[in-house]
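Subject: Structure handover

Hi,

Here is the structure I promised to pass on.

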Amino acid sequence: MITFYHSPMTRSSRVLALIAAMDIFDWVDIRDVTVARFDGTGRRDPSNPHPEGKVPLLVHDGVAIWESAAILLYLTDLFPESDLGVPPGHPQRGRYVSWLSWYAGVMEPALVHDAAGLSHPFLTATFRGPAEIRERLSTALAEGPWLVGDHYTAADLLVSSPYLWFQDLDPGCERIRDWVARCAAHPARLTAMELDGKALAA
Ligand SMILES: N[C@@H](CCC(=O)N[C@@H](CS)C(=O)NCC(=O)O)C(=O)O
């Protein structure tokens, strides 16, 4: 039994998009919960078992999996036939888990620091900044249209997400802009947005 705690139009929408891309709706019980949002709306939902009251959260047979990158990795490992991940033993596995971890440990912190106007040698030394992120992505995408191998994976879904969420976040070059456009056009993202739109309207 897999339960996914979700709140529309939040970071958990990325997990919803993965569930759509993998077409595993029959396997996952999706529970919409409220969260305290940055704009002051919403509130912590007592029915959400996330220890910090956040989304996304996955619970599989009683065991909680939290953090977007961990959840994407977990689901793509659990449903390898969906081909949205890279299984252990595959030559590209290391690249796949590295992009997911790089997103969580480097890219998102660096972008949040930048958006908050924070600058400090400790932060720069540890996470670098938007220019280095652009350079890293541009170099990776020079090798092919997707971050890992020859097709869209959960790594593309996660790493492209800030550019899809913050429309004014500049990808910096055509190569990244084109990749973001390819990720934006993925049918699963459009499905997730439609589901989220309906949930918010209800
Ligand atoms: N690093 C976490 C961040 C999760 C997160 O901050 N989610 C926000 C929604 S976008 C949330 O649940 N906020 C509610 C709160 O801070 O109480 C992840 O990617 O899973």
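Let's start inside helix 6, where A154, A155, D156, L157, L158, V159, S160, S161 and Y163 are buried. Buried here means that 20 or more other C-beta atoms lie within 10 Å of the residue's own; exposed means 12 or fewer, partly exposed is in between, and the C-beta atoms are placed from the backbone. Helices (H or I, at least four residues) and strands (E, at least two) are DSSP runs, numbered from the N terminus.

Before I go on, a word on the source: this is a predicted model, where local features need pLDDT of at least 70 and side-chain atom pairs count only at pLDDT 80 or more, while totals for chains, interfaces and linings use all residues. Residues are numbered from 1 along each chain as its sequence is written.

Back to helix 6 (residues 154–165): nine of its 12 residues are buried, so the helix is largely enclosed by the rest of the structure. What does the covering of those buried residues include? Helix 1, helix 2, helix 3 (93–115) and helix 7 (174–184) are among the elements that cover them; a contact means C-beta atoms, placed from the backbone, within 7 Å. The length checks out too: at 1.5 Å a residue, helix 6 should span 16 Å, and its end C-alpha atoms are 16 Å apart, which agrees. That expected span is 1.5 Å times one less than the number of residues.

Helix 2 (68–78) has its own buried set, made up of S68, A69, I71, L72, L73, L75 and T76. These pack against helix 1, strand 3 (57–60), strand 4 (63–66), helix 3 and helix 6.

Zooming out, the protein has eight helices and four strands. From the N terminus on, the order is β-α-β-β-β-α-α-α-α-α-α-α. The C-alpha atoms fill a box of roughly 40 × 40 × 30 Å along the principal axes. For 202 residues, a compact globule would have a radius of gyration near 17 Å, and the protein agrees with its 17 Å. That radius is taken over C-alpha atoms, and the globule rule is 2.2 Å times the number of residues to the power 0.38. Buried residues make up 31% of the 202. Of the contacts with a separation of 6 or more, 61% come from residues 24 or more positions apart.

Now the domains. The protein splits into domain 1 (2–84 + 188–201) and domain 2 (93–186), with bounds that come from an automatic or database domain assignment. Their C-alpha centres lie 21 Å apart. At the interface, 13 residues of domain 1 are in contact with 12 residues of domain 2. On the domain 1 side, the elements that give two or more residues are helix 1 (13–22), helix 2 and helix 8 (187–201). Helix 2 gives the most, with five residues. By class, that side has eight nonpolar, two polar and three charged residues. Ala, Val, Leu, Ile, Met, Phe, Trp, Tyr, Cys and Pro count as nonpolar, Asp, Glu, Lys and Arg as charged, and the others, Gly among them, as polar.

Which residues are around the ligand? They are T10, R11, V35, A36, R44, G53, K54, V55, P56, E67 and S68, where near means a C-beta atom, placed from the backbone, within 6 Å of the molecule. The shell has four nonpolar, three polar and four charged residues. K54 sits in the loop between strand 2 (28–32) and strand 3, and K54 is partly exposed, with 19 other C-beta atoms within 10 Å. P56 lies in the loop between strand 2 and strand 3, and the peptide bond from V55 to P56 is cis, with omega near 0 degrees.

Most residues other than glycine have a negative phi, and most peptide bonds are trans. D23, in the loop between helix 1 and strand 2, has a positive phi of about 55 degrees although it is not a glycine. R128 has a positive phi of about 60 degrees and is not a glycine either; R128 is found in the loop between helix 4 and helix 5 (130–141).

Cheers

How values were computed. Two residues are in contact if their C-beta atoms, placed from the backbone, lie within 7 Å.
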